[in-house]
Amino acid sequence: MELGLPEGSYLELLNSDADPLHLYHFYDQMDLAGEEEIELNSEPDTDTINCDQFSKLLQDMEGDEETREAYANIAELDQYVFQDTQLEGLSKDLFIEHIGAEEAFSESVEGPIEAGPRPRKRRSPEEHPMDSKHRKLVPPSTSSLNCLDLPIGHIQLLPTLPQGFWQISGAGTGLPSVLIYHGEMPQVNQVVPLVSPTVPSLPKSPDRLGSISPFAPSAADLPSMPEPALTSRVHEMEDTTSPSPCQEDPESSIKLPKWPASVERFQNSLKDKYQVEPESLCGPLVAVELVQARLERGGNKSQERELATPNWTERQLVHGGLAEVLQAVGGCRQPRETQVVAVLGKAGQGKSHWARMVSQAWARGQLPRYDFVFYVPCHCLDRPGDTYHLQDLLCPPSLQPLVMDDEVLGHIVRQPERVLLILDAFEELEAQDGLLHGPCGPLPPEPCSFRGLLAGLFQRKLLRGCTLLLTARPRGRLAQSLSKADAIFEVPGFSAEQAQTYMRRHFENSGTAGDQDKALGLLRGQAFLLTHSHSPALCRAVCQLSKALLEQGTETQLPCTLTGLYVGLLGPAARDSPPGALAELAKLAWELGRRHQSTLQETQLLSVEVRTWAVTQGLVQPTLGTTEAQLGFSSFLLQCFLGAVWLAQCNEIKDKELPQYLALTPRKKRPYDNWLEGVPRFLAGLVFQPPRAHCLGALMEPAVADRKRKVLTRYLKRLKLGTLRPGRLLELLHCAHETQDSGIWEHVAHQLPGHLSFLGTRLTPPDVYVLGRALETASQDFSLDLRQTGIEPSGLGSLVGLSCVTSFRAALSDTMVLWESLRQQGEPQLLQVAEEKFTIEPFKAKSPKDVEDLDSLVQTHRLRHHSEDAAPDLPAIRDLKKLEFALGPVLGPQAFPTLAKILPAFSCLQHLDLDSLSDNKIGDEGVSKLSATFPQLKVLETLNLSQNSITDVGTCKLAEALPALAKSLLRLSLYNNCICDAGAKSLAQVLPDMVSLRVMDVQFNKFTAAGAQQLASSLQKCPQVETLAMWTPTIPFGVQEHLQQLDSRISLR
């Protein structure tokens, strides 16, 4: 392609694809017209740059006002981006590492080489006599100390260096080689190669002398050139064609500077701290795979965001270890952008264990992506005052002290993308509202409060580019702010195999490996506690109680409620406690829960005796890694139990106010926000505990207990179960189960409505257990809607197998997984029951997966017929009467061919709705495929094809196929399509044949008065038609009124 100067301003030149090196030669050719023509070198990667040509180009660009203004804006942006607002007193240039003595360079080539590091400083605004908007692109001058003074001659670029490195040398002048680095600093362990093949320079123009090199100007001279360009001086080269001295002496290769000694010492101390941390006091660690999660708005017009509940087969497990998870998350990271990763899960699911394993994995070298990992429990950040700095956030004073001086902090701030900050138990922060969303503007100056530091992190203003890893519960104020998190994961519960592994390791670590099988036998003998084994915290409590029961040597069994489990654990401790110790600890647990806290200072316990007793009995334990005298409850459920103990025996709460703490009433009437979510069940269980087994007998008089029991009984029996939301209905069933009162349980079970919908409500194994037990007690027929509940296949099979369940709805994929598992397990009777009770009526396809699952169901139905000659039809397919398709204009045309292919299988289909609020746009091709299925849809009564971009072509195809539905079709809608007169004519011709048609809607189409008159004339021959909706903007209003006067069945609304 012939080289030429692009037309327009120099901004267009900057945006063009022209090679700047060729443009330099173009200018050279223009100035040397009539002289000897330059011969270009055949090597495409090298060129000789004449500095006079470059200066002339700059002078020409200076004359363009628009270009000068653009460069001034770039200079202002450069000053804003590289301005250091995070650290005061540190080096202003955060992007230049310390350079050794042999790698430093002077201000000019002739100047002496100074020993030691000499970082270049940015000019202050006061040093510029001119406003930044009126800077001129001054050609480089030989007297400027901010430029490299090179002798007259040509400059050679050696392009074989790594990307971003230029080696500049003068040909035959004895000029030392200069290495210019422009771009992002490589890693410290990379070596800068200076050996490159010899490339001959381009021939010089005759009688044309070079000029001073402009390749290292100051920021004021060339605002477009980023200031932090790393230059270092290397060994001289006698000639460009002679071997480099680096080839002769390999030891003289220049390496990028290593970390300062203080930084390395700090990193090693941090690794040692994580590696020597004591083993977790919460039992053995069993690795679980994370599940990708997302947040969605709650139901009933709620603005709160909750963790979405996917179907069982839709769960996306994150395979691999900790390094793989963080590596996958960081693959889509934008440069210099903070990444927020949230790990959510219910209390006791092992989130803190998982977070601590991340720090330990880094200490063992399994996370090479990060140079520093900081594990910070959030209770250490819940401190008042505004005297904190960034180093206090990374290494809180309450943790084991690590010295972080300004040099270490400066290194961390310069490379934030190499930092991982773990904030564990984020829900314990009292004021996390607004941390992720805040006003624009600069950060408040340090020192400030911890809240200010956290706000700077989450708003991506402080330590920008790091990775934030949060662990928290899915509900609460934090969940409302995580909608813009880069990745959200959920910690699932234990599977049955993982629960057994946990129990075996627990007994092995305690030295009683011989009791493993006996303990597992006790757990299998109690079905309710077995369903709770998905929680690591409850697994630990079961192990502790089982060990105590086995040590007694008597034939016994585990309790059947959670309240009984913790009563059994705390009974011996309560009997041996100092006077008032249990009541004091229970009150403290409740007050801390009201403040969303689970840790306490040792001084909060009144006496050393009480503190010693609580630690000895395992009720509280020292917090890991802290220097302060902090204690934490051994588990969140234990704190909930102790809080319920306080409520049950507290005289400050009136009896009539006690039901408010069951969390079954609307939130505005609750006296607290239910942060201690286990309190309602424990409270109901404690009030109804028999006196002889009550560990609180000394705290509550029998008369007081009877009075409170009557209050709760009256409240539970007055509840109207039909008005409760699914989540509160499940909570009521749990509370009734904890009471172990047969009267309350039977009353609640008999009040259950016949149709129970748990759509969008998560069903855990304990929920499935209490629900199934209530259904059996009710002695009536039920239909269940179990879609989007995340119910496990085993739990789904247990509910489906109940004789009182006559029908159920569940996700198609989950149901087919259940069928396949029953088939493999050899349970034909249960399989037949699950097939007969399953229904999909009505079915609405809202995603391509819905269509794929429906296709899979039809294929299963067809394979069943081929394998068994006498196999009956699947009731789910045989009884489907209403089918809706609402995928929208993008996915609709893609998924509809699959739906049209399986439509003939639904022989009883009566209502086919292809209308979507955002238009499905199946078009003429979709209508053609649909028309081919009409002979099999013999009972179709309603066909809605509104808003599908149907033209005359599709309408004619439809009209040809409509006679197949003449005896069944009652309603036909073609509202808001693109039907013109030809399509209206085809509909008018077929209308008399539709003997069962009652309503036809062709409003908002494009046919004119001619088409309307044809439809009106055809309507006269159809006495069975009740309404013809025909208003359209293309028909004159007078014509429409006239037609309506002729036949009142024509509707213009």
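Q: Which strands does helix 24 lie across?
A: This is a predicted model. In it, helix 24, residues 765–778, lies across strand 18, strand 19 and strand 20.

Q: And at what angle to strand 19 does the helix run?
A: At about 160°.

Q: What's the strand order in that sheet?
A: The order is 18-19-20. The sheet is open, has three strands and pairs in the parallel sense.

Q: Which are the edge strands?
A: Strand 18 (755–757) and strand 20 (805–809). Each of them pairs on one side only.

Q: How much are neighbouring strands turned against each other?
A: By 15° on average, ignoring direction.

Q: How many bridges join strand 19 and strand 20?
A: Four, in the parallel sense. Strand 19 covers residues 782–785.

Q: Which residue is the bridge partner of Asp 785?
A: Arg 809, in strand 20.

Q: Is Cys 650 buried or exposed?
A: Cys 650 is buried, at a relative accessible area of 3%. Cys 735 is buried too, at 0%. Both count as buried because the cut-off is under 20%.

Q: Now confidence. What's the chain average pLDDT?
A: It averages 76, and 68% of the residues score at least 70.

Q: Where is it lowest, and where highest?
A: Lowest in strand 5 (residues 230–236), with a mean of 36. Highest in strand 24 (residues 942–944), at 97.

Q: What about residues 83–256?
A: The pLDDT there is below 50. The stretch still has 298 contacts in the model beyond near neighbours in sequence.

Technical notes
Residues are numbered from 1 along each chain as its sequence is written. This is a predicted model: local features need pLDDT of at least 70, side-chain atom pairs count only at pLDDT 80 or more; totals for chains, interfaces and linings use all residues. Side-chain values use heavy atoms; hydrogens and water are left out. Buried means under 20% relative accessible area, exposed over 50%, partly exposed in between (1.4 Å probe, protein chains only). pLDDT is the predictor's confidence in each residue, from 0 to 100. Helices (H or I, at least four residues) and strands (E, at least two) are DSSP runs, numbered from the N terminus. Contact means heavy atoms within 4.5 Å. Two strands pair if DSSP finds at least two bridges between them. Axes are lines fitted to C-alpha atoms, for helices over the stretch in contact, and angles run from 0 to 180 degrees between N-to-C directions.
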